[in-house]
Amino acid sequence: MTDAELENSYPESKPASYDMMPGEFGLGPESVVRPLLKQTQLQNRKLKCVYDANKHGWDARAFHSRVDGKGASVVLAKCRGTWIGGYNPRGWASLGGVRSSVASFLFYQKLPVVGGWQKLRVSRTGSMACGKDEFDAGIYFGADSLIIPLRVNKQPKSVTSRLGYYFECGPGDKTSLLPVRGADSTLDELYVVSGVYAEGEIIPNSGGVSELGYF
């Protein structure tokens with residue numbers, strides 16, 4: 001099976017896999033998220049960090065200027081020394097509305113530094129991989145599962161997380177991705193990692209999304 005055939009064999013109609021890939025050498029966000037991409041569109045793709053909030057700005061419009069049209073992407077955030085984030089198979093396009101996918105998942109690092117990951121699947125069919133695809137809105141997984149509004153001049157690094165409705169709870173009835181259950185927090189780092197495509201290559205979900213599509 002070619003890389004393209006393998007990439008397309010994991011359509012959006014399939015739930016995310018809990019399985020992990022082998023890690024790769026490196027300290028960048030691309031290397032950090034690689035183990036999480038088993039059976040996703042990005043499994044065999046070279047990866048590139050397209051948005052770094054500390055570099056490009058903690059601002060929703062700056063965020064969209066960097067991520068729109070990039071297709072499937074991974075959000076990676078550091079909160080109090082621990083990595084959290086989510087996989088958005090549908091990407092962003094600033095077209096309004098929501099972009100749903102049963103293949104979306106959230107994740108968190110089980111233990112800081114030494115690693116180990118826990119994935120959290122969607123708990124509702126077609127759960128919102130992107131709950132608000134507006135040009136001036138930040139990152140929304142579900143309506144409340146992982147929210148990073150990126151509101152400039154109003155706590156731009158704030159983050160909230162409530163699990164259980166759009167995405168499943170973690171082991172031990174973990175109801176938030178954040179360190180303190182029921183409390184909001186602030187982020188130290190925020191990245192978006194996307195796939196690298198050749199010039200002229202079609203990027204699935206780079207624009208409008210068909211709910212019947214397989215990419």
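Tutor: Let's look at the nonpolar core and the pieces around it.

Some ground rules come first: residues are numbered from 1 along each chain as its sequence is written. This is a predicted model, where local features need pLDDT of at least 70, side-chain atom pairs count only at pLDDT 80 or more, and totals for chains, interfaces and linings use all residues, while side-chain values use heavy atoms, with hydrogens and water left out.

The protein chain has 4 helices and 12 strands; these are DSSP runs numbered from the N terminus, helices being H or I with at least four residues and strands E with at least two. Of its 215 residues, 50% count as buried, and buried means under 20% relative accessible area, using a 1.4 Å probe and protein chains only.

Now to the core itself. A nonpolar core is a set of buried Ala, Val, Leu, Ile, Met, Phe, Trp, Tyr and Cys residues joined through side-chain atoms within 4.5 Å. The largest one here has 33 residues, and Tyr-51, Ile-148 and Leu-190 have the most contacts inside it. Several elements supply at least two residues each, including strand 1 (47-52), helix 4 (60-67), strand 9 (146-148) and strand 12 (189-195). There's also a second, separate core of 19 residues, with Val-33, Val-74, Leu-76 and Trp-117 among them.

Zoom in on Ile-148. Not counting residues up to four places away in sequence, Ile-148 touches Val-75, Gly-138, Ile-139, Ser-158, Val-159, Leu-187 and Leu-190, where contact means heavy atoms within 4.5 Å.

Ser-158 counts as buried because its relative accessible area is 12%. Its side chain reaches the backbone oxygen of Gln-155 at 3.1 Å. Leaving aside neighbours within four places, Ser-158 is also in contact with Ile-147, Pro-149, Arg-151, Ser-185 and Thr-186, among others.

At the N-terminal end, Asp-59 caps helix 4, with a side-chain oxygen 3.2 Å from the backbone nitrogen of Arg-61. Just after helix 4, Gly-69 takes a positive phi of about 80°.

Finally, step back to the whole chain. Among contacts between residues at least 6 apart in sequence, 64% join residues at least 24 apart.

Note on methods:
Polar contact = N/O pair within 3.5 Å; in protein donor to acceptor, adjacent residues only side chain to side chain.
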